[in-house]
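Here is a short tour for a first look. Keep the sequence and the 3D view side by side as you read.

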Amino acid sequence: MENKQKSKIVIVGGGSAGWMSAAAFSHILPSEQYAISLVESDSIGTVSVGEATIPAILEFNQMLGINEAEFLAFTHGSFKLGIEFHDWYKKGHQYMHPFGPYGVPMQGIPFHHYWLKDKLRGKEQPLSDYCLEYRAALHNKFCHPQPQSRSALANIKYAYHFDAIKYAEYLSAFSMQRGVNKIKGDIKKVHQQTNSEDIKAVELADGSYIDGDIFIDCSGFKGLLIAQTLKVGFEDWREYLPCDSAIAQPSESLAEIKPYTISTAHDCGWQWQIPLQHRMGNGFVFSSEFLSKEVAINRLAKRLPSKALADARQLKWINGKRKQAWKNNCIAIGLSAGFIEPLESTGLQLIQSAIMRLLSLFPSGRCEPANINTYNRYTDDELWRIRDFIILHYKATERDDSEFWRYCRNMQIPDSLQDKIELYQASGRLFRENNELFNEISWFSVMNGQGLIPRAYHPLANHLEESHRQQNLSHIAGAMREAEQHMPNHKVYLQQYCKVKI
Ligand code: FAD
């Protein structure tokens with residue numbers, strides 16, 4: 001089939017969203033039916049900060065057939081077992097949101113109810129005793145799952161930290177090998193069809209004209225096609241999520257490479273530390289309502305864990321989402337579709353799930369309303385639930401040492417989150433709704449870590465004879481301890497498995 005008879009997909013933007021889309025489409029969609037182009041600008045940069053991921057990224061890479069060791073060596077990556085939160089509930093307190101589960105369900109109910117029984121009597125053991133990922137993180141250990149093992153080592157849940165620029169470079173080479181046509185240039189004009197709002201072509205500064213049938217808007221926060229051209233509105237979540245700015249600055253790597261992200265709350269937001277093989281990624285997230293950029297730059301400089309490797313960069317956003325991510329023949333993916341601040345590393349995951357959703361609804365000809373409406377409904381639902389999870393970190397706190405935290409403690413929250421908190425406080429129960437991204441274990445980690453204590457636990461936990469319950473808990477803790485002792489040091493493991501080739 002000739003090129004001109006193929007359906008033309010034009011991806012606008014060469015950040016992580018653009019290249020993840022290009023990689024997935026070129027790998028999955030038949031090349032005899034689709035021609036894919038990607039336009040990126042050298043003068044308009046990418047955000048280049050999506051460096052911490054969650055375990056879903058493994059599925060994306062596996063779908064693309066990416067060799068993990070080669071990928072991590074190229075992107076200077078490391079492994080991630082969860083996020084450690086410092087000073088969020090109150091100053092001096094810390095907890096982890098690990099990727100793996102606590103213990104095992106007993107009598108069909110989650111482990112945490114059996115643990116809560118001790119907690120409500122003030123006799124609980126640390127949660128890290130019951131979760132291998134948590135325990136291993138605290139001991140700077142990592143290894144891959146060992147499916148042949150009969151212990152928790154069989155199912156270790158992990159994700160990656162990697163260099164965002166290297167990530168886009170890797171996917172760019174991957175996509176071009178599979179036929180994606182990379183076009184360099186600045187888009188100066190977007191042309192629409194005369195008889196509909198459909199996008200017809202984008203015009204570059206040099207006058208060239210790139211026409212297409214389907215346009216993927218990966219142009220970042222500005223939403224060149226979805227917002228500036230198609231005028232799709234924005235649902236603004238500032239009232240619930242006041243952090244709207246970040247200062248990013250890399251620094252030298254430390255002696256140990258921790259297998260987890262660190263998030264430390266400060267008086268107007270929080271600071272991230274993302275350990276890579278060759279450097280530390282740092283960022284200072286804050287609310288511009290409560291802190292100026294200049295003060296934020298200063299504060300980050302003072303709190304860097306090691307010597308700075310580059311100047312500080314500022315990023316600005318509004319938390320929220322496009323009212324429709326798909327309109328006419330344009331689908332917004334990445335920051336153009338919306339953004340929820342990076343506290344739980346959900347940016348790249350949202351791109352991944354948008355790509356997978358689009359692939360399952362990919363238009364074979366015209367963009368039908370049924371496809372568009374289904375896509376938008378699922379996108380909205382996904383974002384609302386993640387939004388609630390992030391708000392929880394700010395709302396459930398004892399901090400009142402600054403105007404920022406007093407605002408967060410007292411702000412109104414969505415009913416959907418209020419209901420979830422009330423249910424947990426009444427009964428320790430949590431339900432994963434509509435296959436939402438964060439499961440009961442994640443919600444429990446953060447609810448408990450942020451100091452919410454339920455009044456009761458599942459009544460079935462009392463049906464297990466007390467001596468059995470205690471035996472089971474100590475057996476689980478012993479098994480986790482033993483499994484962790486078999487794991488090597490994370491840095492040593494990286495050096496053997498995927499050392500950066502310089
Ligand atoms: P961008 O990176 O902004 O790319 C936009 C592209 O569009 C660029 O290539 C640009 O050149 C092009 N473009 C724009 N206008 C034009 C034009 N007129 N002509 C031609 N080309 C144009 N996500 C995570 O998963 N984990 C994290 O730890 C994480 N941390 C983050 C921290 C911060 C502070 C922020 C703001 C985001 C973070 N994210 C994180 C989100 C993540 O960075 C983004 O989801 C991801 O990088 C995708 O960005 P993008 O490709 O949509 O946009």
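## Helices around the ligand

The largest share comes from α8, with three residues. Bear in mind that this is a predicted model.

## The ligand shell

How many residues surround the ligand? The count is 34. The closest are Ile44, Ala52, Ile187, Lys222 and Leu348. By type, the shell divides into 17 nonpolar, 14 polar and three charged residues.

Some backbone atoms come up against polar atoms of the ligand. A polar backbone atom of Ala17 is 3.0 Å from an oxygen atom of the ligand. Val47 has a backbone N or O atom 2.9 Å from a ligand oxygen atom. For Val49, a backbone N or O atom lies 3.4 Å from a nitrogen atom of the ligand. What share of the ligand surface does the protein bury? Taken alone, the ligand exposes 1000 Å², and the protein buries 97% of that.

## How α1 meets α8

Two packed helices are described by the angle between their axes and the distance between the axes. For α1 and α8, the angle is about 35 degrees, and the axes are 10 Å apart. The crossing of α1 past α8 is right-handed.

Which residues make the contact? From α1 come Ser16, Ala17, Met20, Ser21, Ala24, Phe25 and Ile28. From α8 come Leu348, Ile351, Gln352, Ile355, Leu358 and Leu359. Ten residues of this contact are nonpolar, three are polar and none is charged. Ala17 has the polar backbone atom 3.0 Å from a ligand oxygen, and Leu348 is among the closest residues to the ligand.

## Asn371 in α9

Now move to helix α9, residues 369-395, where Asn371 is found. The Asn371 side chain reaches the backbone oxygen of Leu361 at 2.8 Å. Leaving out residues up to four places away in sequence, Asn371 touches Trp326, Leu361, Phe362 and Pro363.

## Two loop residues with positive phi

Ser48 sits in the loop between β2, residues 34-40, and α2, residues 56-64. Its phi is near 55 degrees, a positive value in a residue other than glycine.

His76 lies in another stretch: the loop between α3, residues 68-75, and β3, residues 78-80. Phi of His76 is near 60 degrees, again a positive value in a residue other than glycine.

Note on methods: Residues are numbered from 1 along each chain as its sequence is written. This is a predicted model: local features need pLDDT of at least 70, side-chain atom pairs count only at pLDDT 80 or more; totals for chains, interfaces and linings use all residues. Side-chain values use heavy atoms; hydrogens and water are left out. A residue is near a molecule or strand if one of its heavy atoms lies within 4 Å of it. A polar contact is a pair of N or O atoms within 3.5 Å; within protein, one must be able to donate a hydrogen and the other to accept it, and residues adjacent in sequence count only if both atoms are side-chain atoms. Accessible areas come from the Shrake-Rupley method with a 1.4 Å probe; for residues, only the protein chains shown count as cover. Helices (H or I, at least four residues) and strands (E, at least two) are DSSP runs, numbered from the N terminus. Ala, Val, Leu, Ile, Met, Phe, Trp, Tyr, Cys and Pro count as nonpolar, Asp, Glu, Lys and Arg as charged, and the others, Gly among them, as polar. Axes are lines fitted to C-alpha atoms, for helices over the stretch in contact, and angles run from 0 to 180 degrees between N-to-C directions. A crossing is left-handed if the near helix is turned anticlockwise from the far one by less than a right angle, and right-handed if clockwise. Contact means heavy atoms within 4.5 Å.
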